[in-house]
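Open the model in your viewer and keep the selection tool at hand. The stops below can be taken in order.

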Amino acid sequence: MNEERRMGRRPVVIAVIAIVAVAVVAVLVMGPGLVGGPGAGASPTAPPPVAVPDEVTVEGRAVPARAAELAVAVAGTVADIPVEEGDAVRAGAVLLELDAGAAQAELDAATAGLDAATARAEQAAAAVSQAQAGVDQAEAALRSAQAAEDQVPSGASAATKRQAAAQVDVAEAALAGAQAQLEGAQAAARAADADQARAEAARDAASIGLDRHTISAPFAGTVVSITVEEGALVSPGIVVVRVADTSAWTFETTEVDEALVDDVEEGATATVRLDGVPDVDIPATVTRVGDYGAELQGDVRFTVVLEPDGEVPDGVRWNMTATIRISTAP
């Protein structure tokens with residue numbers, strides 16, 4: 001009985017296998033158009049677009065609206081620091097002075113040299129004036145002698161005519177001598193003027209050299225850092241004083257790499273949260289996206305600057321770490 005049932009099922013199984021085989025052949029022959037319906041054979045279905053994140057999150061820092069890191073221009077010993085950290089200072093206020101004894105001596109010597117050169121130049125100028133007066137007098141004497149010669153009557157004796165001509169010759173010789181003296185005085189004056197100019201340049205250089213021993217505030221602000229003490233030996237290029245105008249703040253990040261920079265645009269909105277002022281979100285706007293990428297730890301990164309859209313909370317300090325979320329939504 002069971003054998004008969006098995007024998008009866010064989011035709012059905014064979015029929016099902018045949019139908020499946022026909023369907024597979026049809027698919028292979030007719031291609032994807034048979035599966036996809038009308039028009040499906042033109043091209044495969046395109047993949048869905050990759051979702052672009054709606055913000056870029058990077059680390060940054062708080063930066064005063066104006067800030068200066070000041071270094072000495074010459075090597076020397078710190079003689080005086082007339083300010084302290086936290087002091088408010090006006091533009092031009094002295095912040096630090098180096099021992100300038102040698103520079104002051106050089107300036108004093110250069111000033112004395114300039115005074116002497118100026119005196120010589122003045123004397124030379126006076127000599128020129130005197131020589132010019134001598135030329136004027138000689139010219140006047142020559143004109144007088146020539147007029148006297150012209151007034152000699154034609155019937156005068158030969159001796160009278162020779163005497164008048166001799167007076168003209170004497171006047172001409174006197175004029176030539178006066179002119180020579182003037183030329184000599186003018187040459188001496190030019191040399192004296194050149195000496196004065198050199199002495200003035202030396203004095204100016206010495207004055208600049210003395211000024212280089214002093215650090216002054218480039219703008220009104222607050223002294224936020226002093227890194228040396230009186231008596232310390234300092235070298236050029238080493239920051240010794242930092243001054244900041246903390247009346248306004250910006251935020252900067254150098255963490256935007258090549259993969260993210262195209263997603264950040266000027267005018268984009270952002271939110272800044274400072275580690276030192278937690279639980280306060282500061283709305284901000286991107287004001288600059290750097291065009292130059294600096295290599296940092298094997299990556300090329302761009303600087304992005306943001307300005308707060310309103311007041312910043314109390315307690316913000318220079319270089320305070322911040323988490324910056326910049327919107328990239330269209």
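This is a predicted model: local features need pLDDT of at least 70, side-chain atom pairs count only at pLDDT 80 or more; totals for chains, interfaces and linings use all residues.

Residues are numbered from 1 along each chain as its sequence is written, and side-chain values use heavy atoms, with hydrogens and water left out.

**Helix pair.** Select residues 101–150, helix H3, and residues 158–211, helix H4. Helices (H or I, at least four residues) and strands (E, at least two) are DSSP runs, numbered from the N terminus. The axes of H3 and H4 are 6 Å apart and the packing angle is about 165°, so the two helices are roughly antiparallel (over 145 degrees). In the contact of H3 with H4, 31 residues are nonpolar, 14 polar and nine charged.

**Asp-245.** Next, select Asp-245 in strand S8, residues 239–257. Is this residue buried or exposed? Asp-245 is buried (under 20% relative accessible area), because its relative accessibility is 15%. Contact here means heavy atoms within 4.5 Å. Beyond its neighbours within four places in sequence, Asp-245 is in contact with residues including Arg-66 and Phe-219.

**Ile-324.** Finally, move to strand S12, residues 321–327, and select Ile-324. Ile-324 has a relative accessible area of 0% and is buried. Show Ala-284 as well: it lies 40 residues away along the chain, and the two C-alpha atoms are separated by 9.3 Å. Leaving aside neighbours within four places in sequence, the contacts of Ile-324 include Val-56, Phe-251 and Leu-306.

Methods. Axes are lines fitted to C-alpha atoms, for helices over the stretch in contact, and angles run from 0 to 180 degrees between N-to-C directions. Angles under 35 degrees count as roughly parallel, over 145 as roughly antiparallel, 65 to 115 as roughly perpendicular and the rest as oblique. Ala, Val, Leu, Ile, Met, Phe, Trp, Tyr, Cys and Pro count as nonpolar, Asp, Glu, Lys and Arg as charged, and the others, Gly among them, as polar. Buried means under 20% relative accessible area, exposed over 50%, partly exposed in between (1.4 Å probe, protein chains only).
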